[in-house]
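Student: I'd like a close look at a single part of this model, with the cut-offs spelled out as we go. Could you walk me through it?

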Amino acid sequence: MVAPGRSALAGLVEVDETEIVCRSKNDPLTGGGGRSHQGKILVVGAVEVEDGGAGPGRIRLSQLPDYSAASLHAFIKTNLARGATAKTDGWSGYSGAPGINHDPHIVGKIAAHIVLPWVHRIFSNLKVWALGVYHGLRRNHLQSYLDEFVFRFNRRRTRHAAFRSLLGIATAHPPLSYKMLILPEAKA
């Protein structure tokens, strides 16, 4: 559900990362606690901030292997326009990203959702949507789920045009067989 040649996010963009709880059939019932990544999928998100903070604009979400500078810089390079301002929580992995202005806001005693309200609202909506629609997500097709959420969110004000956009995107891709869609879950 990703339009080829879509434009990058511009202006002020909130960028942060989150974890989505998941479980494969081989994982224990209880994931790793605290900062452990066991039983969790790492996701990074970006939200254009409209009208000086009045609301969210377009979004991007992507699965990450880790929260390293290399992974975060690759996401920023792919999804943010040159000259955009990335407002972050001050995580060291964001500093030095080429082509953007970095506006770090260290999260200390202030809650992260106060410093970066729109990206945290997107993460909250994503998690509720994933549980409500799919009853949880699995690693195997996570990026497809994230792309669907981004597609729906970015077209929330133009639902009549969303169907035409989806048809246009679908015609640009080769068809997938049912067997390709139901491949067994990846070993993780």
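Which residues form one aromatic cluster?

Tutor: Happy to! This is a predicted model, in which local features need pLDDT of at least 70 and side-chain atom pairs count only at pLDDT 80 or more, while totals for chains, interfaces and linings use all residues. Residues are numbered from 1 along each chain as its sequence is written, and side-chain values use heavy atoms, with hydrogens and water left out.

The cluster you ask about is formed by Trp129, Tyr134, Tyr145, Phe149 and Phe153. The structure holds four aromatic pairs. Rings of Phe, Tyr and Trp (its six-membered ring) pair if their centres lie within 6.5 Å; planes under 30 degrees apart count as stacked, over 60 as edge-to-face and the rest as tilted. One of the pairs is Trp129 with Phe149: the ring centres are 5.3 Å apart and the planes stand at 55 degrees, so this pair is tilted. Trp129 belongs to helix α3 (residues 117-134) and Phe149 to helix α4 (residues 142-154), so the pair ties together parts that are 20 residues apart in sequence. Helices here are DSSP runs (H or I, at least four residues), as are strands (E, at least two), numbered from the N terminus.

Phe149 also pairs with Phe153, and this pair is stacked, with 6.4 Å centre to centre and 20 degrees between the planes. These two are separated by about one helical turn, because they are four residues apart in helix α4. Trp129 and Phe149 are buried, and Phe153 is buried as well; buried means under 20% relative accessible area, exposed over 50%, and partly exposed in between (1.4 Å probe, protein chains only).

The term requires a side-chain nitrogen of Lys or Arg within 4 Å of a carboxyl oxygen of Asp or Glu. Glu148 and Arg152 are four residues apart in helix α4, so about one helical turn separates them. Glu148, at 11% relative accessibility, counts as buried.

Five strands form an open sheet in the order β3-β2-β1-β4-β5, with mixed pairing; two strands pair if DSSP finds at least two bridges between them. The edge strands, β3 (55-64) and β5 (101-104), each pair on one side only. Helix α3 lies across β1, β2 and β3 and runs at about 30 degrees to β1. Helix α4 packs on the sheet, where it touches β2 and β3, and its direction makes about 175 degrees with that of β3. Contact means heavy atoms within 4.5 Å, and axes are lines fitted to C-alpha atoms (for helices over the stretch in contact), with angles running from 0 to 180 degrees between N-to-C directions.

Finally, β2 and β3 are linked by side chains as well: Arg58 and Glu48 meet in a salt bridge of 2.9 Å, N to O, with Arg58 in strand β3 and Glu48 in strand β2, 10 residues apart. Arg58 counts as partly exposed at 25% relative accessibility, whereas Glu48 is buried at 13%.
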